[in-house]
Amino acid sequence: MSNPNENLLSLNASEATPSRVGRREFIKTSSLAAGALAFGAPAFVRGQHLNSKLNIACIGIGGKGRSDTDACAGENIVALCDVDAGSEAYQTQTKKYPSAKFYKDFRQMLDQMGDQIDAVTVSTADHTHAIVASAAMKRNKAVFCQKPLTQTIYEARYLRNMAHDRKLVTQMGNQGSASDGLRRAVETIQDGLIGQVHEVHVWTNRPIWPQAMERPAGEDPIPATLDWDAWIGPAPMRPYVGSRNPKDKNGVYTPFNWRGWQDFGTGALGDMACHTVNIPFRALDLGYPTEIEAMPFGRMNKESYPVGSKIRFAFPKREARISLEHPHLFHHSKKIEHDPMTLWWYDGGQPDSTARGGHDLSNKPPAELTADIVALLGKLPDSGCLLIGEGGTVFSPDDYGSNFFIKLKGEKEFVNYLKHPAMAQYPERIPRNRHVGDFGHAENAADLGQAHALEWLDAIKANKPEMCYSRFDIGARLVEIMLLGCVSLRVGQKIEWDGPKMVAKNCPQAAQFIQRQDRTGWALS
């Protein structure tokens with residue numbers, strides 16, 4: 001299995017690996033970028049320089065979209081787009097960026113302002129991520145898209161190939177990727193800190209939104225400020241329903257609870273695994289799993305995800321190449337080999353209608369595996385990631401992987417990575433996000449999000465897609481793996497996966513969830 005940082009998987013049955021760029025092609029490409037001669041490139045690349053400001057269009061400005069927009073405030077925010085002009089976010093953001101033009105439909109925005117836009121942020125509901133992003137990418141815009149990058153496996157492969165073919169600067173919004181701690185965990189585990197890893201356990205406190213519900217009956221008047229057709233996008237049309245619970249300000253679908261619906265979200269797994277599985281995905285060079293088996297808690301229906309699930313991902317033996325600290329003229333990387341391993345995912349818990357998210361938060365790894373964590377922290381945190389290797393264990397106690405602890409074989413307790421003496425033997429070889437230092441240790445979500453977006457903006461100005469640590473060539477691979485868990489839940493059985501062909505070999509009925517049938521008028525560009 002190839003290193004996720006090296007290869008590109010094609011949309012057809014074969015795997016395509018891009019060839020190394022020759023010196024002549026490198027000079028040609030560099031000249032195009034420096035001389036701004038590339039036809040169809042963003043306006044910035046065609047006629048600006050590194051100290052100029054980018055023209056940014058922000059699609060989806062509520063919720064995470066607000067912080068994604070604000071992270072780009074040092075540039076020119078020229079357009080804001082959101083299907084709801086009646087939200088508090090609309091009031092706040094249109095006042096904050098008074099010179100930006102406002103749209104409800106991103107297609108109209110791109111048609112009218114395409115030549116004035118250099119880059120686009122996409123912070124909509126999951127089911128429209130790929131539709132919006134591909135429309136911007138077709139116009140050769142740089143794209144920052146929130147996690148999960150897409151709602152389906154096919155869309156992830158599609159965007160990944162599109163970004164590669166067009167050489168676009170892209171970034172998926174899993175902000176933990178910006179942290180020094182995560183990058184330190186990745187390089188040291190790859191370099192053998194805990195030896196071969198055969199078992200990984202990842203758990204989360206999600207869902208914190210309703211799941212395991214049937215579609216509500218009835219229909220409510222659509223608010224005059226909301227474009228319901230645009231919000232539904234590629235999903236099958238359904239009646240608008242507002243709130244059915246006076247205590248829940250988020251309503252049945254909008255602006256937050258869409259995450260639990262199969263037509264719109266990806267459940268707890270899709271929402272959080274882009275954060276919590278980030279360390280093992282990168283450190284263990286995870287490619288295609290061969291088996292995925294999901295076990296739901298409580299009721300599983302055809303409308304929403306369950307209140308809890310335990311999912312097993314089996315990965316085969318694989319090879320990867322990692323960068324050298326001091327590359328030689330002809331040697332820039334070295335080969336490493338990984339044994340087969342199993343990743344276990346846990347979300348939610350047993351049904352409890354009185355608790356947040358409708359579950360008791362009991363779904364966690366076996367107690368004997370987490371006893372040392374409890375000894376360290378006094379309790380098991382609601383979210384975490386545990387990698388069990390032949391030479392020790394690594395534990396990260398948060399959603400973003402910005403901090404981790406080490407317990408090597410023969411040691412009695414976990415020690416923070418900043419204090420563990422074994423770390424001194426492993427050099428830093430993964431480039432760090434230069435903006436993290438602007439926010440201290442930048443271990444909280446807001447600061448990491450800012451640094452993550454600024455890395456993307458730097459890459460646009462330098463015209464270097466590889467500067468983005470969570471570019472689509474990387475982020476899409478992680479999303480593909482995690483979405484397989486969603487597919488297994490929906491088909492109700494174990495999946496035997498052929499990754500290059502995107503086929504569940506033992507389960508033809510999975511095809512409808514691997515590639516969605518988009519509603520007329522809403523398709524990938």
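Author: Helices (H or I, at least four residues) and strands (E, at least two) are DSSP runs, numbered from the N terminus. This is a predicted model, in which local features need pLDDT of at least 70 and side-chain atom pairs count only at pLDDT 80 or more, while totals for chains, interfaces and linings use all residues. Residues are numbered from 1 along each chain as its sequence is written, and side-chain values use heavy atoms, with hydrogens and water left out.

Reader: How many helices and strands does the chain have?
Author: Both counts follow from the DSSP runs defined above. The chain has 15 helices and 20 strands.

Reader: What percentage of the 525 residues is buried?
Author: Buried means under 20% relative accessible area, exposed over 50%, and partly exposed in between, with a 1.4 Å probe and protein chains only. Of the 525 residues in the chain, the buried share is 56%.

Reader: Which residues of H7 are buried?
Author: Helix H7 covers residues 153-166, and its 14 residues reach 20 Å from first C-alpha to last, close to the 20 Å expected at 1.5 Å a residue (the expected span is 1.5 Å times one less than the number of residues). Ten of the 14 residues are buried, so H7 is largely enclosed by the rest of the structure. The buried residues are Ile-153, Glu-155, Ala-156, Arg-157, Tyr-158, Leu-159, Arg-160, Asn-161, Met-162 and Ala-163.

Reader: Which residue with a positive phi follows H7?
Author: Helix H7 ends at residue 166. Next, with phi near 55 degrees, comes Lys-167.

Reader: Is Thr-152 buried or exposed, and which residues does Thr-152 touch?
Author: Thr-152 lies in the loop between strand E7 (142-146) and H7. Its relative accessibility is 5%, so Thr-152 counts as buried. Contact means heavy atoms within 4.5 Å. Not counting residues up to four places away in sequence, Thr-152 touches Leu-483, Phe-513, Ile-514 and Arg-516.

Reader: How many disulfides does a search of the whole structure find?
Author: A disulfide is a pair of cysteine sulfur atoms within 2.5 Å. The cysteine sulfur closest to that of Cys-58 is in Cys-72, at 5.6 Å, which is too far for a bond. Cys-58 counts as buried because its relative accessibility is 0%, and Cys-72 counts as buried because its own is 1%. The number of disulfides found in the whole structure is zero.

Reader: How far apart in space are Gln-116 and Ile-56?
Author: Gln-116 sits in the loop between helix H5 (106-113) and strand E6 (119-122), and counts as partly exposed because its relative accessibility is 39%. Beyond its neighbours within four places in sequence, Gln-116 is in contact with Asn-55 and Val-78. Gln-116 and Ile-56 are 60 residues apart in sequence, and their C-alpha to C-alpha distance is 8.9 Å.
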